[in-house]
Amino acid sequence: MASAATLVQPSGEMWKKIRVELNEDVNTRDRDLEAIKDWMRKQPHLPDEWDEGRIMTFLRGCSFSLEKCKRKLDMYFTMRAACPEFFTNRDINSQELRDLMTKAQGPPLPGLTPNGRRVTICRGLDKNIETHQLNEAFKLAMMIGDIRLLEEVEGVAGDIYILDASIVAPSHLGKLSPSAVKKFLICVQEAYPVKLKEVHIVNTSPIIETVVNLVKPFLKEKIKNRIFIHTDINTLYEHVPKEMLPAEYGGNSGSINDINEAWVKKMEEYKDWFKAQESIKANEALRPGKPTNYDELFGIDGSFRQLSID
């Protein structure tokens, strides 16, 4: 697989501190892992076997709460079945994803903050993003997320997202699909073992407050309180060390284009793996009790065009 330099892993004192933050006891974690594996084998609608590394990533993301881990895993496999637009045809060299890559980037940065958090920067490159490309952007985010499930072998103390709003325009509001946004946020908040610590919006404009207010109803309360809007890039450095940021954001960790290209190469190497993963999902016909009703799960139609914007 691609160079591990795309995801530097914690070590030394940082590794020890992260173990504490994740509630990870190296003496009992294998027992917890076996408990989850045993539980999966007993769920007729879930895969019988899944690799231990990814289960451990889920356990860490759930602070080693077995019940929370079971809920997350169930939702992970459920969403893989419920959202084929995110979890199928995941070839980075497809025309759709290639087109998207000329308009948007969202690579995790290689290093970690001093307290062990992973930073991801998402930015648009072209104002002419179409509605259907929103699903492609979400698909790309899940592809990166699935690689991280495999490659975050030591775990991190949470995630920080930097959203660059420099190309966001009022015309984009009508192109936002609430159903796609809601599905994506259910995935991020309920189906992936993400400890979302902070969201920072930079290169902001007056429209951003409207966009944030449109998305907030789909966010958990604690995440709503972790959104920071920066009118000056210098205030970002109070949260993320300047030196670990790409040059485009005043840092000295190289170019975001180079970091993004390394991720594209990594996703190319995972092409066959992504294809093989398509069949790994929940089978609602075998779920004990009532199958998941996707309409109830998502419960939203239409587009933001129909919402009144104050």
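How many nonpolar, polar and charged residues does the lining of the largest pocket have? Point 2 takes this up.

1. Basis. This is a predicted model, where local features need pLDDT of at least 70, side-chain atom pairs count only at pLDDT 80 or more, and totals for chains, interfaces and linings use all residues. Residues are numbered from 1 along each chain as its sequence is written, and side-chain values use heavy atoms, with hydrogens and water left out.

2. The largest pocket. By class, its lining has four nonpolar, two polar and seven charged residues. (Ala, Val, Leu, Ile, Met, Phe, Trp, Tyr, Cys and Pro count as nonpolar; Asp, Glu, Lys and Arg as charged; the others, Gly among them, as polar.) The volume of the largest pocket is about 210 Å³. Lys-68, Val-194, Lys-195, Leu-196 and Lys-222 are the closest to its centre, out of 13 lining residues. Two or more lining residues come from each of α4, α8, β5 (196-202) and α10 (221-224). Helices (H or I, at least four residues) and strands (E, at least two) are DSSP runs, numbered from the N terminus.

3. How pockets and cavities are found. The search uses a 1 Å grid over the protein atoms alone. A cavity is a set of points where a 1.4 Å probe fits but cannot get out; a pocket is an open set with protein on both sides within 12 Å along at least five of seven lines; lining residues have an atom within 4 Å of a point. Points are joined across faces, edges and corners, and a volume is the space filled by probe spheres set on the points.

4. α4 against α8. Helix α4 (residues 66-82) packs on helix α8 (residues 178-191) at about 150°, with the axes 9 Å apart. Axes are lines fitted to C-alpha atoms, for helices over the stretch in contact, and angles run from 0 to 180 degrees between N-to-C directions. The two helices are therefore roughly antiparallel. (Under 35 degrees is roughly parallel, over 145 roughly antiparallel, 65 to 115 roughly perpendicular, and the rest oblique.) Lys-72, Met-75, Tyr-76 and Met-79 of α4 meet α8 residues including Lys-183, Ile-186 and Cys-187. Contact means heavy atoms within 4.5 Å. The residues of this contact divide into six nonpolar, one polar and three charged.

5. α2 against α4. The axes of helix α2 (residues 29-41) and α4 come within 11 Å and cross at roughly 45°. That makes α2 oblique to α4. From α2, Asp-32, Ala-35, Ile-36, Trp-39 and Met-40 take part; their partners in α4 include Leu-66, Cys-69 and Phe-77. This contact has eight nonpolar, no polar and three charged residues.

6. α2 against α3. Helix α3 (residues 52-61) packs on α2 at about 110°, with the axes 10 Å apart. α2 is thus roughly perpendicular to α3. On the α3 side, Glu-52, Ile-55, Met-56, Leu-59 and Arg-60 make the contact. By class, there are six nonpolar, no polar and seven charged residues.

7. Ala-81. This residue sits in helix α4. Ala-81 and Ser-279 are 198 residues apart in sequence, yet 8.8 Å apart in space, C-alpha to C-alpha. Ala-81 touches Lys-281, Ala-282 and Tyr-294, leaving aside residues up to four places away in sequence.

8. Cavities. The whole structure holds three cavities of 30 Å³ or more. Arg-80, Phe-87, Thr-88, Glu-278, Ile-280 and Lys-281 line the second largest cavity.
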